[in-house]
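Work through the exercises below with the sequence and the structure open. Each task is followed by a solution in steps.

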Amino acid sequence: MTTLPAYPTVRPGPLHSILLAGAVPLFLGALLSDIAYGQTYQIQWANFASWLIAGALVFSGFALLFALVNLLRAERKAGRPAAYFLLLLATWVLGLVNAFQHAKDAYAMMPGGLILSVIVTVLAIAATWIGLTNLRSGVAQ
Amino acid sequence: MKPFHTLSVLSAALLLTACGGEGDKTQARGPDPKLPEQQSSLLPSMKIAEPAPWGEQKPKVPEGYSVTAIATDLAIPRQTLVLPNGDILVAEGRGGSAAKLKPKDVIASVIKAEGNTRVKGGNRLTLLRDADGDGTYELKTVFADNLNAPYGLAYADGKLYVANQDALVRFDYADGQTKASGPPTKITDLPAQINHHWTKSLAVSEDGRQLYVGIGSNSNITERGMEVEIDRAMVWQIDAATGAHKPYATGIRNPTALTIQPGSGQLWAVANERDELGPDLVPDYLTSVREGAFYGWPYSYWGQNVDPRAQPQNPAKVAAAIKPDYSLGSHVAALGVDFSIPAMGEKFADGAFVGEHGSWNRDNPVGYKVIFVPFSNGKPAGEPIDFATGFRGDDGKTRGRPVGVTVDPKGALIIADDLANTIWRVTRNR
């Protein structure tokens, strides 16, 4: 049994998709760099993590603007549009906290930076999953 | 990068507007400071000096003393040297070429630059002369230029030694000379890779045979990697004749000024300690530099207080670390030291003057003055006494930042001010 979508289809713009999905490998790269730093004490891994997080914040920050516009324009705001926006907001805010954590000198960023990187990466994947599903299908629920 | 950058600058700006007042009260100063617990905050405190011209104002000095600006419009004066004939040499420059490794470095460099002079470093030595002894230095001339961020200065037996940021060099000097007779001779290269802390401080032994060069660490606390700390955070002893060197004392994070104690011939240093452990950690210090001693950096501070940020840790080095002699207070940024003489007046006859550049990462600013540490039997004894203050005014504006301090045998203290690009001279009223 098939039913037509109850709401107008919201197609993801290419830019929106790139920004949203692009944050995932950046946050994931930061997480892997943190693990490498914890294992080796080689400071360059911590530097990599800092810049990857900074890049991820740029990507997810602009994606967040798209998500906000998406939310405001959605006819039914509850459910996926709201969940997507809130997850992405949490990703960005914790990602910013993680950026400051990574700004601490040498091993002062650990283990907090690693823990935050795990949380932020999971949040980023979840936000992207829901966001792209929502936008691709155009089905809000 | 952009949202991150903007937000950090915003939050830093918010911090800048917070609070004021006297910062010394919580500071543990003296031979046996009680140190607080380590603190870690997500955003380090920053309170940057807000530069303002001196105008009609001057530094405040004790009653019975006067202060005069004997040279202005210099190009970042750091350390000074009084030559045998009374002429004053001033080392001018700004060094360092440390790469910005993290987003934090980019942001911090912009913020910290607010509190410094906009003038370009001179990379030269300027000579000041008061031929008639009236206290006015009527001659101001370039003694030598094309140097590479000169900082430490010393004189012995017709030789003028200059510690550039990358090499220790020597000029031949005859009394009365106002210009170097040629380019200097290199004695030895100095560690210059990265040069996070670029200032190379210098002292010469009383017999003129040994030179001591202070070499700062290449990071706050190894955040540029352990590999770049080879030959850093230590004092080298260098043979003046051959240029051969050996580490004389190690684990001194940033030995920013060295001097020889008259009489004992003992080497003393002021050193700047690590940041980001809280407003009252870690104290900068004044210490006799013991040969072969390890002073803790990066593994520990003030003896056996372990710094967990330096990884992998080294318990053997922590156990070997010795305590410095005298705490000057955290973040005061001591950059100058010289021993006094009886000609400075009874109250200031026995002890050492210390120039404090002033804090940048403490909500209640500290430093921004020249203090006097009284000595008794060759050791620091008692609370430090303010000698020259008013560099940071009650209005919150900063008019000057003291660096090098040099005692003139005629009975005067020479203070280099690298914010106002001025040399101050403090004398006793007759």
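**Exercise 1.** Is Q38(B) buried, partly exposed or exposed?

*Solution.* The model is a predicted one, in which local features need pLDDT of at least 70, side-chain atom pairs count only at pLDDT 80 or more, and totals for chains, interfaces and linings use all residues. Residues are numbered from 1 along each chain as its sequence is written, while chains are lettered from A and ligands numbered from 1 in the order in which they are written.

Step 1. Apply the cut-offs: a residue is buried if 20 or more other C-beta atoms lie within 10 Å of its own, exposed if 12 or fewer, and partly exposed in between, with C-beta atoms placed from the backbone.

Step 2. Count for Q38(B): 17 other C-beta atoms lie within 10 Å, so Q38(B) is partly exposed.

Step 3. Q38(B) sits in the loop between α1 and β1 (50-51) of chain B. Helices (H or I, at least four residues) and strands (E, at least two) are DSSP runs, numbered from the N terminus.

Step 4. List the partners. Leaving out residues up to four places away in sequence, Q38(B) touches L277(B), G278(B) and L281(B); two residues are in contact if their C-beta atoms, placed from the backbone, lie within 7 Å. The C-alpha atoms of Q38(B) and E276(B) are separated by 8.8 Å, although these residues are 238 apart along the chain.

**Exercise 2.** Find which residues L89(B) touches, not counting residues up to four places away in sequence.

*Solution.* Step 1. Locate L89(B) in strand β4 (residues 88-92) of chain B.

Step 1. Classify L89(B): it is buried, because 22 other C-beta atoms are within 10 Å.

Step 2. Read off the contacts of L89(B), which are T80(B), L81(B), L83(B), L125(B), L127(B), F143(B) and L153(B), with residues up to four places away in sequence not counted.

**Exercise 3.** Describe helix α1 of chain A and its packing against α2(A).

*Solution.* Step 1. Begin with the make-up of the chain. Chain A has four helices and zero strands, and 47% of its 141 residues count as buried. Among its contacts between residues at least 6 apart in sequence, 76% join residues at least 24 apart.

Step 1. Pick out the buried positions of α1(A): H16(A), L19(A), L20(A), A23(A), L26(A), F27(A), A30(A), L31(A), S33(A), D34(A) and Y37(A). An α-helix has 3.6 residues a turn, so residues three or four places apart point the same way.

Step 2. Look past the end of the helix: just after α1(A), Y41(A) takes a positive phi of about 60°.

Step 3. Take the packing geometry. α1(A) and α2(A) (residues 43-73) pack at an angle of about 160°, with their axes 7 Å apart. That makes the pair roughly antiparallel. Axes are lines fitted to C-alpha atoms, for helices over the stretch in contact, and angles run from 0 to 180 degrees between N-to-C directions; under 35 degrees counts as roughly parallel, over 145 as roughly antiparallel, 65 to 115 as roughly perpendicular and the rest as oblique.

Step 4. Sort the residues of this contact: 19 are nonpolar, seven polar and one charged. Ala, Val, Leu, Ile, Met, Phe, Trp, Tyr, Cys and Pro count as nonpolar, Asp, Glu, Lys and Arg as charged, and the others, Gly among them, as polar.

**Exercise 4.** How many residues of chain B are in contact with chain A?

*Solution.* Step 1. The contact joins 24 residues of chain B to 20 residues of chain A.

Step 1. On the chain B side, the elements giving two or more residues are α1 (2-17) and α2 (103-113). The largest share, four residues, comes from α1(B).

Step 2. The chain B side divides into twelve nonpolar, five polar and seven charged residues.
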